[in-house]
Amino acid sequence: MEHMDQEWNLWVVGGDLRQRALARLLREDGHTVHIAGLECEGLATEPLGPGLALAHCVILPLPVTRAEGILHTPLSRGLVALSDLLDRLEPGQILCGGLVSREVRAEGEKRGLRVFDYYAREECMVANAVPTAEGAVQVAMEELPFTLHSTRVLVLGFGRVGKLTAHRMRALGARVTVAASRYEDLAWAAAYNYESIRLENLSCELGGFQLIVNTIPARVLDSRRLDWVNPEAFLLDLASAPGGVDREKAEALGLRVLQAPGLPGRTAPVTAAMAIRDSVYHILWELEEGNDG
């Protein structure tokens, strides 16, 4: 990875193990790195103060907030209000976050900040899909009472995460079927020689699977479909909150469901941090190129 020639003054505020690794990676690249709302061994945390106004870029968590107006700071004992951070920045400063909500973007732009979503970039989402797929394999192997080999697996969705998850599970000998809505996704599934089902037609087939992995950020396993699911099946939901499974109905049916968004942050935080770092660099490089032009 090519790095920037000049030293940057960067703040990493809030986040989980990914941001902890990110701070170390940025420091190893020779940048001046300040952290706040992120208590970790070997990196001294700082209070929010006037130094924020000197930052070339402030990097926020993925997702940025855990509640309205409060930054996502699972590794800190204190709370960080978004407004307290934004009010310390100067118009024109660069703010990068992951899964930036409309409210967060509006608050930043209202103060004249340049707000970017590093997770919305294709290169970050593709890189992030790799540890997500591998994490799904890890969780499945831990939770299932049998091997993935010969297990009947249904993958809901065939986007970045769905493709990689299906590939890795089949590489371990699983019998993988793909369910998707878009005809192009079904065509790709057929090209990879997977059995496929159009999501809209999915019903009684659900009873034939021992592992169901959802990657679609919508309620695809609703009350009606859950009635068809094998009572012994394990449901792994990789979609972001609120997920793709009707949890109340699943609980009433006694189904085993694990909602596991953000798997890279738990199973491969350094790899996920590298994806964030590279995307932030790309944003900064593009801004530099724009200014040069």
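Let me start with the second largest pocket, whose lining consists of Thr65, Ala67, Glu68, Gly69, Leu82, Ser83, Ser101, Glu103, Val104 and Glu107. Two or more of these residues come from each of strand 4 (65-67), helix 2 (82-86) and helix 3 (102-110). Helix 3 supplies the largest share, three residues.

What you are looking at is a predicted model, in which local features need pLDDT of at least 70 and side-chain atom pairs count only at pLDDT 80 or more, while totals for chains, interfaces and linings use all residues. Residues are numbered from 1 along each chain as its sequence is written, and side-chain values use heavy atoms, with hydrogens and water left out.

Some terms before I go on. On a 1 Å grid over the protein atoms alone, a pocket is an open set of points with protein on both sides within 12 Å along at least five of seven lines, while a cavity is a set of points where a 1.4 Å probe fits but cannot get out; lining residues have an atom within 4 Å of a point. Helices (H or I, at least four residues) and strands (E, at least two) are DSSP runs, numbered from the N terminus.

Back to that second pocket. Its volume is about 180 Å³, where a volume is the space filled by probe spheres set on grid points joined across faces, edges and corners. The lining divides into three nonpolar, four polar and three charged residues. Here Ala, Val, Leu, Ile, Met, Phe, Trp, Tyr, Cys and Pro count as nonpolar, Asp, Glu, Lys and Arg as charged, and the others, Gly among them, as polar.

Now the largest pocket. It holds about 940 Å³ of space. Its lining has 36 residues, and Tyr119, Thr215, Leu238, Ala239 and Ser240 lie nearest the centre. Helix 4 (122-143), helix 5 (160-171) and helix 9 (263-267) each give two or more residues to this lining. By type, the lining has 18 nonpolar, 12 polar and six charged residues.

Next, the sheets. Two strands pair if DSSP finds at least two bridges between them. Strand 3 and strand 6 (94-97) share three bridges, and Ile59 has Cys96 as its bridge partner in strand 6.

Contact means heavy atoms within 4.5 Å.

Which residue stands opposite Leu154 in strand 9? That is Thr177, and strand 8 pairs with strand 9 over five bridges. Five of the six residues of strand 9 (175-180) are buried, so this strand is largely enclosed by the rest of the structure. Buried means under 20% relative accessible area, exposed over 50%, and partly exposed in between (1.4 Å probe, protein chains only).

Finally, a few single residues. Ser279 sits in helix 10 (269-292) and is buried, at 0% relative accessibility. Leaving out residues up to four places away in sequence, Ser279 touches Tyr118, Arg121, Glu123 and Cys124.

Most residues other than glycine have a negative phi, and most peptide bonds are trans. Leu62 and Pro63 are joined by a cis peptide bond, with omega about -5°, and Pro63 lies in the loop between strand 3 (57-59) and strand 4. Ser150, in the loop between helix 4 and strand 8, has a positive phi near 75° and is partly exposed at 39%. Asn193 also has a positive phi, about 70°; Asn193 lies in the loop between helix 6 (183-191) and strand 10 and is exposed, at 66%.
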